[in-house]
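Subject: Handover of a structure, with notes on its pockets and some loop residues

Dear colleague,

I am passing on the structure below, followed by notes on what was found in it. Please read them alongside the coordinates.

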Amino acid sequence: MSETEQKPQTEEQPQEGDAPAEATEDQPAKEEQTEGTGEVGADGEAAKEEGGAEQAASAEKEESKPAVAAQEASPPSLEAPQENPFSEDDLEQILQLEASEGEDKGWEKSKKIKGVTVFKKPEKNGVPLIKAYMEFSGIPCDKVLEFFTDAELRKKWSRKTPNYEILEERDDFKIVYTVIKMPMACDDRDIVQCMQVRSDEEQKRHVILYKSCNHPNKPPGKGPIRADVGIMGLVIRPKDGDETSTKVTWLSQIGLKGWALKMIVSRVTVGYPVSLCDDLQQYWKKTTAPKEPEKKEENETPKEEKTDENAEPKQEEGKTEEAAGDAPVENNVAAPVTADDEDIPAADEEEKGEEKAGEEA
C-alpha cells in the first residue's frame, strides 16, 4: 500500500511543478510583445491615462456622495434627558481647558481681531478645539451671563444666531436650540443642547456647560444641517479684578457636517466667537449710550434765527419801495401821491405856509 501511494504522489508532483513553469514562460513572452511594438505600448499607456481619468471622475463622485450623506449627523447619545446630564467631571474638563495654555499643550494661535484672541488645538477626530478670549469693558459678569443665556436678549444682539429657543426648562438645566448662520452658498447649521450654569461666588465666576442631545420638537434632518458638538463651554470672570468689566473664555469643538470648503469651515469655527463678541459690544454701546438733549435745543435755535431773518428782509423791501417812489416815510406812513404823481406837502409845511400868510395880512 505504501508503494502504490507513493507512485501517484511522485507522478503528481512533477505535474504541479510543470504548471508554474509554463506560466513563467508565458509571462516573459507577453512582456516582449508589449516592448517590441511601440504603438501597442502607447495605446496601452493612453488607455491607462483614460482609465485613470475615469477613476478620478468616479472618485470625485464617490467623494461627493458621502458629503451629501454626511448632512444627516449621527444622533447623539442623549435623547431629551429628563435628569441632569452634567457631572463634576464636565465642569473640571472645562476649567482645565481654560487653564491650559501654550504650544507645549498643543495650542496654536489662530488670530487676534477686534480684541478677541483665538487659539486652535488639532484633535484626532479631525475637528479642532477652539479657545477664544473675549473682553467686555464696562459690562459686569452678571450682565454678560444674562446676554448669553436669556433667549429674548440673545435674539436682539446676536446676528450669527438668528434663532435661539429654549425647548425645555427644568429645575437645574435647560434644553436649547441654536441656529448658526453660515456664509452664502452654504446651508445654516443647528444644534440641540443641554445647558447648565454653574456659579461660584467665592471664585467670582460663572461657567456655562453644554452637551449635545436630541429633542422631538427639533428632529435632525429638517431645515438646517445638524452639527455635532464634542466639547463646549464658557467661563465668565471679572477682567483683571475689575467687577465692572468681564473676560470670557470660549471653548468649542463643533463639527459642522454636510458639505463645505475647508476655508469656510475654518472661517466659521474660528470667526464665530469673534462675531459674538463684536455683536454684544455693539449692542451694549447702542443700548447704554446716553441721550444728548442738547441736540434738540440746537435744532430749535436755527428755526428762531430763520424767523428773524425772514422779518428783516421785509423791512428792507419796504425801504426799496420808498426809494422807488422817492417819497419820504414819516411815522411808518407813506406820503400820499396825487393823480399827477405829485407829492402832497407834509402837514407841518402847510402850517408854516398859513403862519406866513397871517403875518403878511
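The lining of the largest pocket is made up of 10 nonpolar, 8 polar and 5 charged residues, where Ala, Val, Leu, Ile, Met, Phe, Trp, Tyr, Cys and Pro count as nonpolar, Asp, Glu, Lys and Arg as charged, and the others, Gly among them, as polar. This is a predicted model, in which local features need pLDDT of at least 70 and side-chain atom pairs count only at pLDDT 80 or more, while totals for chains, interfaces and linings use all residues. Residues are numbered from 1 along each chain as its sequence is written, and side-chain values use heavy atoms, with hydrogens and water left out.

The largest pocket holds about 480 Å³ of space, a volume being the space filled by probe spheres set on grid points that are joined across faces, edges and corners. Its lining has 23 residues, and those closest to the centre are Val 127, Gly 255, Leu 256, Lys 257 and Val 265. A pocket here is an open set of points on a 1 Å grid over the protein atoms alone, where a 1.4 Å probe fits, with protein on both sides within 12 Å along at least five of seven lines, and lining residues have an atom within 4 Å of a point. Strand E9 (228-239), strand E10 (242-255) and helix H6 each supply at least two lining residues, and H6 gives the most, with 4; helices (H or I, at least four residues) and strands (E, at least two) are DSSP runs, numbered from the N terminus.

The second largest pocket has a volume of about 400 Å³. Among its 16 lining residues, Lys 160, Arg 267, Gly 271, Tyr 272 and Ser 275 lie nearest the centre. Strand E1 (108-113) and H6 are the elements that give two or more residues to this lining, with H6 again giving the most, here 8 residues. The lining of the second largest pocket divides into 6 nonpolar, 2 polar and 8 charged residues.

Some loop residues follow. His 215, between strand E7 (205-212) and strand E8 (225-226), counts as buried because its relative accessibility is 5%, with buried meaning under 20% relative accessible area, exposed over 50% and partly exposed in between (1.4 Å probe, protein chains only). Its side chain makes a polar contact of 2.8 Å with that of Glu 168; such a contact is a pair of N or O atoms within 3.5 Å, where, within protein, one must be able to donate a hydrogen and the other to accept it, and residues adjacent in sequence count only if both atoms are side-chain atoms.

Ser 158, in the loop between helix H5 (151-157) and strand E4 (163-169), is buried at 4% relative accessibility, and its side chain makes a polar contact of 2.5 Å with the side chain of Thr 161.

Best regards
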